[in-house]
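Let's take a walk through this fold, one piece at a time. Keep the 3D view open while you read.

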Amino acid sequence: MNVLQNNSDAVNATLTVTVTPADYTEKVEKAIKDYRKKAVMPGFRPGTVPASLIKRKFGEAFLAEEVNKLISEALYKHITDNKLDILGEPLPTIDFPTPDLKEGEEFNFSFDIAIAPAIEVSLSKKNKVTYYTIDVDKKMIDQQTASYRGRFGKYVKAEETGEKDVIKGKLVELDDNGSVKDGGVNVESAMISPNYMKKDEEKKKCYGKKVGESFDFNPFGAFGGSEVELASLLKMDKEKAKEFKSDCRFTVEEITRFAEAEMNQEFFDECFGKDTVKSAEEFEAKIKSELANQFVADSDIKFILDMRALVLDGLKDVKFPEAFLKRWLKEQNKEMTDEKIDSEFSKMLDDLKWQLFKDKIAKESDVKIEEADIKEVAKRQAKAQFAQYGMLSIPDEYLENYVKEMLQNKDGRKNVAERAIEDKVMAILKEKVTITGKNVSFEEFNKFFK
């Protein structure tokens, strides 16, 4: 078996594979013998079907299978032995005639390959990249504090009704004269909250009432005719509820109000663990520190994007096998149209350039990642996810379990591992260029991504 390489230019080549009878005959015969041991055909006991019959019926299929195996092995060996850095996978050469597979003959197959171009970007201290640090201001600290106080708050009894209270009591239907309607709607333990009412004039009727006092209102108007809200309040089906437009009288029996957690030691312990924080000042400092740590990931992303732009600018003149890559993309996804590939190709090519550059740096610097590196990145990503929901302090045990589940997912683990490598590559690149630090507000930072 022979493989010949013909380079049409620096990034495109053709591999011609020649398969001779000496390469495949013995393999085909062995495949037929192996199949004969388990073959079942009418008129023959299992394992007694003549090899000649099997060869006559299935010989071409066995030949095709073995030749395909030989081709794959030959291509892989040639690429490996010659240390070819290829992009994608070999593709059959267009217009090259596919040989008819007949036993005893020699076959030629041709494949196109794309060779990765040399990725050379000269970085030095003359290259300046800004590392942006987000300032944590008082407004952000107050917002996070309010979030914590809300999360650990609780419902308490109130003396007088207000907008956000939950009011429990008795509801009765009124007639046109404003008197309790005989046989009308009568709901025990009805519950309403003025905060969910649509009309301000109906809301105001609920305010300032104490237990035992009553107020008259119109449920249909209060809830904008919502059949769901009315059915829940009046304890009737939605079809009937949407036709209910009478006024009602509500007698207050209980007032419940949500109260934010007080700034005391119990609250501090709930937020950050026992005795981690012991005063309002320490609490504020802890919030500021946690937010600052959270924003490091955002600063790193911005740095990576800026470093990527610097590298891509240095690679703008590098030639890639674009025709091959477009063809390969379409082979990978038959649903992709030529128009879609053309519209997205520039971005895909930039992604490829950046990946090749990172791979080159990692190889040159002998970057390796250990399990500890993967777990550390996974933990950092998990913390960032929780932080999006205002959860800045997660118990270690809970975090460890979350990370364990994250890494059990094959794709999740691959993504984390790639980020771990990227982190190490970024650390190397930071040493190659000049980093200038700049503090910006959260609002200023977000403008970078608009």
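Is F445 buried or exposed? F445 has 3% relative accessibility, so it counts as buried; that word means under 20% relative accessible area, while exposed means over 50% and partly exposed in between (1.4 Å probe, protein chains only).

Before going on, some ground rules. This is a predicted model, where local features need pLDDT of at least 70, side-chain atom pairs count only at pLDDT 80 or more, and totals for chains, interfaces and linings use all residues. Residues are numbered from 1 along each chain as its sequence is written, and side-chain values use heavy atoms, with hydrogens and water left out.

**Rings that pair up**

The structure holds 19 aromatic pairs. To pair, rings of Phe, Tyr and Trp (its six-membered ring) need centres within 6.5 Å; planes under 30 degrees apart count as stacked, over 60 as edge-to-face and the rest as tilted. Here are two of these pairs:

| Pair | Centre to centre | Angle between planes | Type |
|---|---|---|---|
| Y148 and F272 | 5.5 Å | 55 degrees | tilted |
| F445 and F449 | 5.4 Å | 55 degrees | tilted |

Take Y148 and F272. Y148 sits in helix α3 (residues 138–151) and F272 in helix α8 (residues 265–272), so their pairing ties together parts that are 124 residues apart in sequence. (Helices, H or I with at least four residues, and strands, E with at least two, are DSSP runs numbered from the N terminus.) Both Y148 and F272 are buried. They also belong to one aromatic cluster, together with F152, F267, F268 and F283.

F449 has 43% relative accessibility, so it counts as partly exposed, whereas F445 is buried.

**A sheet with helices on it**

Next, find the open sheet of four strands, which has the order β1-β2-β4-β3 and antiparallel pairing. Two strands pair if DSSP finds at least two bridges between them. Why is one side of β1 and of β3 left without a neighbour in the sheet? β1 (2–7) and β3 (86–92) stand at the edges with a single partner strand each, so there is nothing beside them on one side in the sheet. On average, neighbouring strands here are turned by 25 degrees against each other, direction ignored.

Zoom in on β1 and β2 (residues 12–19): six bridges join these antiparallel strands. One you can look up is N6, whose bridge partner in β2 is T14.

Helix α2 (residues 51–81) lies across β1, β2, β3 and β4 (107–115), running at about 135 degrees to β2. Helix α10 (residues 322–332) packs on the sheet as well, touching β2, β3 and β4, and its direction makes about 75 degrees with that of β3. For such angles, axes are lines fitted to C-alpha atoms, for helices over the stretch in contact, and the values run from 0 to 180 degrees between N-to-C directions.

Helix α14 (residues 410–432) packs with helix α12 (residues 371–387) at about 100 degrees, with the axes 9 Å apart. That makes α12 and α14 roughly perpendicular, since angles under 35 degrees count as roughly parallel, over 145 as roughly antiparallel, 65 to 115 as roughly perpendicular and the rest as oblique. Residues in contact (heavy atoms within 4.5 Å) include I374 and V377 from α12 and V416 and A417 from α14. The contact has six nonpolar, one polar and seven charged residues. In this count, Ala, Val, Leu, Ile, Met, Phe, Trp, Tyr, Cys and Pro are nonpolar, Asp, Glu, Lys and Arg are charged, and the others, Gly among them, are polar.

Helix α11 (residues 338–364) packs against α14 at about 80 degrees, with axes 10 Å apart, and α11 and α14 are therefore roughly perpendicular to each other. Among the residues that meet are W354 and F357 in α11 and I421 and V425 in α14. This contact divides into nine nonpolar, no polar and three charged residues.

Strand β7 (residues 166–173) is joined by eight bridges to the antiparallel strand β10 (residues 248–259), where L171 has F250 as its bridge partner. Five bridges join β7 to β8 (residues 186–192), again antiparallel, and V172 stands opposite N186 in β8.

Most residues other than glycine have a negative phi. S189, in strand β8, has a positive phi of about 55 degrees. K235, in the loop between α6 (227–234) and α7 (238–241), has a positive phi of about 60 degrees. S189 is partly exposed at 38%, while K235 counts as exposed at 57% relative accessibility.
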